[in-house]
Amino acid sequence: MKCWENNIKKVSPYVPGEQPKGKDIIKLNTNENPYPPAEGVMKILKGYNADNLRLYPDPSSEELIISLAQRYGVKPSQIFVGVGSDDVISMAFMTFFNSDKPIIFPDITYSFYDVWAEVYDIPYQTKPLDSCFRINESDYFCENGGVIFPNPNAPTGVFESLDKIEKIVKANSDVIVIIDEAYIDFGGESCIPLLNKYDNLLVVQTFSKSRSLAGARIGFAIGNEKLIKYLNDVKFSVNSYTMNSLTQRIGAEAVRDEIYFKETVNKIINTRENAKVKLKELGFIFPDSKSNFIFACHSSKYAGIIFEELKKRNIYVRYWNKPRIDNYLRITIGTDKEMDKLFQALECILKSE
Ligand code: PMP
């Protein structure tokens, strides 16, 4: 090993789901929305004057922040936006998790949390979910340097009640508690109202799932003004122009189209509920999901084999060869047509020896 290698940060990076390039692929592996973005977004893209790109974007993302503030009934100074919620959460780790005590999160959860902890040298501890993939709230009543988990959790889809969230936020008044609500719009109840009672709570959401804009990369956090100011101070110390001007415009437009948002979210919820019935008929078991995916295990066929067989048929779902979840598939909810093709393929795979 060369001497200079001693001073290099070595991390095991987060591994995103595959983005296969071929044609006729049914892509149910990265929780994207199967429906296009709102009509107004399309109009902006078609009429965009490329000359605007000569100029730096608004570093404060004002138009987007104002539209979010109106939609969520908070002050603009309570909102922070970033390049996807990954960027927002990464900034939040940097800003809020600076204690020598470990931050805590569930053992089965979004697999980026331990990566950020490693990259920023933040000590962390995981708390085991119970056998039904539920959080045991008392695990979080201990000394720690901060708390983070998604609600609904990923990759399980399990939603925890606001009552449980409140107990955890209340018991951790000395640290920041981040609730990652990437999937909240698919039937969960947001903990944004708790912000009126707790100044240590930060709620993070994304445009990647319910607003069909994963490729645009927009995420945001809502919290009290002081937390948002601290986040902005760190952001402006790293890169002032994180979000490009076109993305700011389409993001603001997407938020304004509440009717389309509700329509697509409801379509996905209906498809998910039908998928639950169908998957049960096929012999799958899964915790109840309030997200745009189902985390399912088959009673007799190993998940790794089903995953490979589906891939051979151009159907991509997500599989992790990790302790406790290596017999599960995370299946994103697609259109009804895509789901029918998935069920046909599963029937075929499950029949074969
Ligand atoms: N949180 C959770 C729980 C997720 O599953 C994802 C999607 N990978 C994200 C955050 C990040 O989403 P994005 O950066 O696209 O907003």
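Entry: I began with Ile294, whose bridge partner in strand E13 is Ile331. The model is a predicted one, where local features need pLDDT of at least 70 and side-chain atom pairs count only at pLDDT 80 or more, while totals for chains, interfaces and linings use all residues. Residues are numbered from 1 along each chain as its sequence is written, and side-chain values use heavy atoms, with hydrogens and water left out.

E13 (residues 329–332) and E10 are antiparallel and share 4 bridges; strands count as paired if DSSP finds at least two bridges between them. Strands here are DSSP runs of E with at least two residues, and helices are runs of H or I with at least four, both numbered from the N terminus. Strand E9 (residues 284–285) is joined to E10 by 2 bridges, also antiparallel. There I found Phe284 opposite His298 and Ile285 with Cys297 as its bridge partner.

Which strands make up the open sheet, and in what order? I read E9-E10-E13-E12, 4 strands with antiparallel pairing. E9 and strand E12 (318–319) are at the edges with a single partner strand each, so one side of each has no neighbour in the sheet.

Entry: In E10 (residues 293–298), 6 of 6 residues are buried. One side carries Phe293, Phe295 and Cys297, the other Ile294, Ala296 and His298, and both faces are covered.

**Entry: the nonpolar cores.** I looked up the cores, which are sets of buried Ala, Val, Leu, Ile, Met, Phe, Trp, Tyr and Cys residues joined through side-chain atoms within 4.5 Å. The largest has 84 residues, and Leu201 is one of those touching the most other members. Helix H8 (residues 258–281) gives this core its largest share, 7 residues. Domain 1 (17–36 + 259–351) and domain 2 (39–256) each supply at least three residues, with bounds from an automatic or database domain assignment.

What does Leu201 touch beyond four places in sequence? Its contacts (heavy atoms within 4.5 Å) include Val169, Ile179, Leu195 and Ile222.

**Entry: around the ligand.** Of the 13 residues around the ligand, Ser85, Asp180, Tyr183, Thr206 and Ser208 come nearest; "around" takes a heavy atom within 4 Å. A backbone N or O atom of Ser85 is 2.6 Å from a ligand oxygen atom. A polar side-chain atom of Ser208 also lies 2.6 Å from an oxygen atom of the ligand. For Asp180, a side-chain N or O atom is 2.6 Å from a nitrogen atom of the ligand.

**Entry: a lysine in a helix.** Is Lys164 buried or exposed? Lys164 counts as buried because its relative accessible area is 14%. I placed Lys164 in helix H5 (residues 162–171). Not counting residues up to four places away in sequence, Lys164 touches Arg134, Ile135 and Glu137.

Notes: Buried means under 20% relative accessible area, exposed over 50%, partly exposed in between (1.4 Å probe, protein chains only). A polar contact is a pair of N or O atoms within 3.5 Å; within protein, one must be able to donate a hydrogen and the other to accept it, and residues adjacent in sequence count only if both atoms are side-chain atoms.
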